[in-house]
Amino acid sequence: MHLELFTGRQRGSPASRDLAIQLACIRAFVAEHPRPDADTSLPLAAELPLRPVYSEAEFEKRKAWALGLSEESRKMVLTHLKQARALGPMRRVARVPQPSCIDAIETDFPHCAPVLEWIRQFVALGKLCPGQELSFPPLLLSGPPGTGKTALSQRLARALGTEHHTIDIASLHAGFTISGLDTSYSTARPGLVWDALQHPCMSPLILLDELDKAADDQRRTPLGFLYQLLEPMTARRFVDAAIGLPLDASAILWIATCNEPAAIEPAIRSRFQEFEVPLPKSTQMPAVARSINREMLAIAPWGDAFDHELSPDILERVSAIPPRRVLHALRSAYATAALHGRRRLIASDVPLAPDAKRAHAIGFIHQ
Amino acid sequence: MSKLNNEAAPPNVETIFGQTIEMHCHRQMDVPEGWRPAFLDALVALNAVKCAKRDNLILLSPVVRHDGVHVQASGEDAVVDGICRKLRHRTRYTCRKCGRPGHARRLPLDVRVLCGSCAAPRAMKAKIEECMASLTRSAESGLDRLITFDEMPPQLRATIPAAAWQKVASGNGQGTYCTTQSELRKLTGHWRHLLLALESVTADLE
């Protein structure tokens, strides 16, 4: 006889019918007896938006199909199906973040205000959903190198509480890295999209870095997978070539970065909402420098040894440096301070901005 | 069956078997409400198989156990045993409170066959009490442990506001939702309020 232990860990899938009934009853009971100080606009944890990432019937079919494969392929497919089964078909979807999260990003990325304003619009739209589910169309950030496009994408993923995956398009030679390699090949294995969806949250943020630098092969573009995945209707039934189980990939959040949007294939470019990310203005640079400094000290093993605040004269000096070089400049500054036995930076620790003429001193001579 | 009945004892004279079935009918209130339809169906089935051969069979008093209603006859009879076994099996998977499909669940003090709806308040109560006891113990030790979303029983999660959960990085590089014991301590007032409301709902089985 099946005996459910109330005192132990819950057995079976959380999406089981019995548990669903129990949770519905508990939610109704809690709703009838609200906390006096409760903010009723906030959803309960049990109401986190959930969606099936695959169909149970199709899963069983695929499992039966896998039994007919060669031993190696069967083992590979069944292992991945087992992992998918362990997570269950119901997965969390990204929830709208608190407005303060977007405000905090804007403080650190003041030059990206239009992008963040656009995301705020979708946050407002998401709040109208019963589960406060967040989704936004694929986003293309274009602009000169070193303006913080990649960093912005990582900060967004953190604010939304989703996983962040990066695909370096410049080094991508074949689409199977993303969409899987068929089991007829001996090296068959699922692609990055399958791996990204094997997580309790089915809304990972996938960054397509340097989208304009895709290998230029007229016969077969490695970006072919994007035609299906960037369209919500077709992404609902994304099939990984190795596993063959249709997955709902429509909740994936896509952000692409590029320097030259014109170099992107028009059919792919048209699927994105484009924003230009300019270099921060000199008035915006102190905020950017503060953000870079904070991020660096948070992960550096020696970060706690220093005072995290940057004085105005340091900020002034750092503001003259291009954003990409700020990290190196600050790291050099901390190294100098450590050498002199100080726990706080002084302006002279920060190396001077590289001279534009000296930058071309080595290599080809520009006439 | 009717042939057997015709061969039974003379009219107007009740057999012992018939009398015990009637006695069981009067005792139906001893059977939990959700199991009563199954119990009455079994009595109807037993009444239908009354015959001369079974005149001297005595149905022993029904025993209501945690896993169903047990009825037994004094002698061996395959048909009667089959009906009793069917009753036992049916009640084992029927909620004793409402009659919907259910299964045996462990309550703090006993085991009861309940459906999801009837089990929910009891499960919530058990989980809240367990969590509050754990919070009291940890308060004495001064620890503030991190509790992951998966670690938290689903019945308890349903009472926790989403704002109490924070995304944190885990060892394998993937993030997970967590809350802390100090965050849960802020909810104890609400949980006490819920426990009070649950008293009346869960009292009948305690």
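1. The expected span of a helix is 1.5 Å times one less than its number of residues. Please keep that rule in mind for point 2, and note that what you have here is a predicted model.

2. Helix α3(B) covers residues 36–48, and its 13 residues should span 18 Å at 1.5 Å a residue; the end C-alpha atoms are 18 Å apart, so expectation and model agree.

3. Now for the sides of that helix. Ala38(B), Phe39(B), Ala42(B), Leu43(B) and Leu46(B) are the buried residues of α3(B). Looking down the axis of α3(B), you will find these residues within an arc of 140°, which means they line one face of the helix. Their cover includes three elements of chain B: α2 (16–26), β2 (68–70) and α4 (78–92).

4. Over in chain A, strand β9(A), residues 253–258, is worth a look. Six of its six residues are buried, so the strand is largely enclosed by the rest of the structure. Leu253(A), Ile255(A) and Thr257(A) point one way from β9(A), while Trp254(A), Ala256(A) and Cys258(A) point the other way, and all are buried.

5. Which strands pair with β9(A)? One is β4(A), residues 139–142, which runs parallel to β9(A) and is joined to it over four bridges. Here Ser142(A) stands opposite Cys258(A). Another is β6(A), residues 205–209, also paired with β9(A) in the parallel sense over four bridges. In this pairing, Ile206(A) has Trp254(A) of β9(A) as its bridge partner.

Technical notes:
Residues numbered from 1 in each chain as written. Chains lettered and ligands numbered in written order. Predicted model: local features only at pLDDT ≥ 70, side-chain atom pairs only at ≥ 80, totals over all residues. Buried ≥ 20, exposed ≤ 12 C-beta atoms within 10 Å, placed from the backbone. Helix = DSSP H or I, 4+ residues; strand = E, 2+ residues; numbered from the N terminus. Pairing = 2+ DSSP bridges. Arc of directions from axis to C-beta. Contact = placed C-beta atoms within 7 Å.
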